[in-house]
Amino acid sequence: TATRNGLSDANLQRMAERERAHFVANNPRSQALAAQAAPHWLFGVPLHWMNDWSTPFALHVAHAHGALVTDVDGHTRVDFCLGDTGAMFGHAPAPVVHAVQTQMAKGCTTMLATADAAWVGAELARRFGLPMWQSAMTASDANRFLLRWVRAATGRKKLLVFNGCYHGTVDDVFVDLVGGKPQQRDSLLGQVQDLTQYTVVVEFNDLAALEAALAAGDIACVLAEPVMTNIGMVLPEPGYWEAAQALIRQHGAMLILDETHTLSSGPGGYAATHGLKPDALVFGKPIGGGVPCAVYGFSAELAQRAMQAKRDAPPGHSGIGTTLTANMLAMAAMRATLGEVATDTAFAHMLQLAGAMAEGLRASIARHSLPWCVTQVGARCEFQFAAQPPRNGTQAEHMLDSELEQLIHLALLNRGVMITPFHNMLLASPATTMADVHSLLSAFNDVLAKLTAP
Ligand code: PMP
């Protein structure tokens with residue numbers, strides 16, 4: 001019989017039918033709400049990605065607290081997706097709820113700073129090691145704005161990214177290496193510019209390719225996650241970033257590290273934890289404890305050059321910033337998150353639980369003799385459908401199997417556990433308990449038993 005990733009195809013089909021039927025029978029209120037919403041939202045949901053979950057119709061939430069999400073049919077599940085990192089510090093953390101309620105009663109948006117600005121600026125510099133910062137509403141915006149600053153500061157136009165990367169809705173990065181040649185991604189709807197003109201793409205962990213691309217001397221910056229997390233996880237090989245940083249500097253380019261996901265590494269993110277020295281950093285998603293906001297940091301040199309570029313430019317729109325950016329609510333949320341939630345103690349707990357999670361997943365995979373592996377970056381881990389972890393985006397992409405992923409995700413949902421709908425990522429929050437990890441491992445083990453049943 002046909003097999004995929006060590007499993008029988010026919011068995012997968014039968015199991016998928018059972019899991020879908022189980023979900024439909026047990027979630028009537030979600031189904032009714034999905035039907036009510038259908039006429040007035042594209043694809044029936046306020047954000048079409050909400051259909052990327054494995055469920056036959058959109059799951060609707062009643063409330064989310066700590067590491068638990070309760071749906072409208074009354075099921076409470078342990079949440080290891082955590083809003084795909086937006087809630088990495090737990091849902092509705094008490095200090096953030098308090099700060100947001102207090103601030104909301106005192107106004108939300110004036111296009112002016114409050115006393116929180118000075119505190120948050122100093123904390124960002126202390127924690128992440130770069131002296132100067134700006135705010136944005138989302139990590140996508142922060143990346144987009146940084147690209148503008150860096151291009152303006154360096155006078156260079158080209159961007160270098162790694163094959164298989166994702167940096168939010170920054171169109172410039174949607175260029176893939178296809179047969180060694182850059183090619184704009186066909187799925188990028190409505191984009192009419194030729195992005196290959198200014199975007200250079202090479203494989204991660206390939207220093208020779210990086211050096212060759214930088215040698216032309218026209219790259220403004222390398223925009224990268226220190227660990228690729230959006231095509232499955234791809235770790236840097238030992239010494240990779242040290243050597244890559246030296247090459248980038250030598251060729252007069254800047255290094256922007258997008259730490260939206262790798263903040264999971266520790267209180268200062270991956271760069272601070274591993275001693276990297278980027279020219280710019282991006283943090284988004286969980287930085288406001290769930291309230292939309294993001295920040296991006298500049299080295300002293302890049303800050304001076306960026307400010308000079310702005311002073312030298314004609315007066316008028318910079319194309320950088322949005323009206324609601326750095327609003328009073330977001331700043332209050334960031335202060336509460338950084339000051340009271342994303343603490344060293346919280347991270348120690350998250351890292352310990354993620355370690356237990358990774359170890360337990362590995363044990364379960366071994367028990368069922370599956371050729372899969374588990375990768376971990378601090379509070380984040382991921383199981384991948386290959387015996388060895390990938391070295392680059394091409395290898396990582398070959399390991400993806402969306403049908404199998406969706407079946408595992410749905411089977412876990414039916415057993416009280418949520419994981420990220422995109423590939424197989426799991427996060428531990430400060431509110432996650434060892435009992436939650438045991439619930440996950442027991443559900444995962446049961447799913448693997450069903451998947452491998454004769
Ligand atoms: N950068 C990275 C590395 C991401 O993974 C994401 C989202 N998954 C973003 C940026 C964009 O974040 P947002 O959707 O909040 O703008």
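The domain assignment, which is automatic or taken from a database, divides the protein chain into domain 1 (3–89 + 343–451) and domain 2 (94–341). The structure is a predicted model, in which local features need pLDDT of at least 70, side-chain atom pairs count only at pLDDT 80 or more, and totals for chains, interfaces and linings use all residues. Residues are numbered from 1 along each chain as its sequence is written.

Taken over C-alpha atoms, the centres of domain 1 and domain 2 are 27 Å apart. The contact (C-beta atoms, placed from the backbone, within 7 Å) involves 29 residues of domain 1 and 28 residues of domain 2. On the domain 1 side, at least two residues each come from helix H11 (344–367), strand S15 (373–377), strand S16 (380–384) and helix H12 (393–399); helices (H or I, at least four residues) and strands (E, at least two) are DSSP runs, numbered from the N terminus. H12 supplies the largest share of this side, 5 residues.

The 24 residues of H11 should span 34 Å at 1.5 Å a residue, and the 35 Å between its end C-alpha atoms agrees with this; the expected span is 1.5 Å times one less than the number of residues. Buried residues of H11 (20 or more other C-beta atoms, placed from the backbone, within 10 Å of the residue's own) include Phe347, Met350, Leu353 and Met357. The buried residues of H11 pack against helix H10 (328–341), S15, S16, strand S18 (425–427) and helix H14 (434–451). Just after H11, serine 369 has a positive phi of about 50 degrees.

Notes: Contact = placed C-beta atoms within 7 Å. Buried ≥ 20, exposed ≤ 12 C-beta atoms within 10 Å, placed from the backbone.
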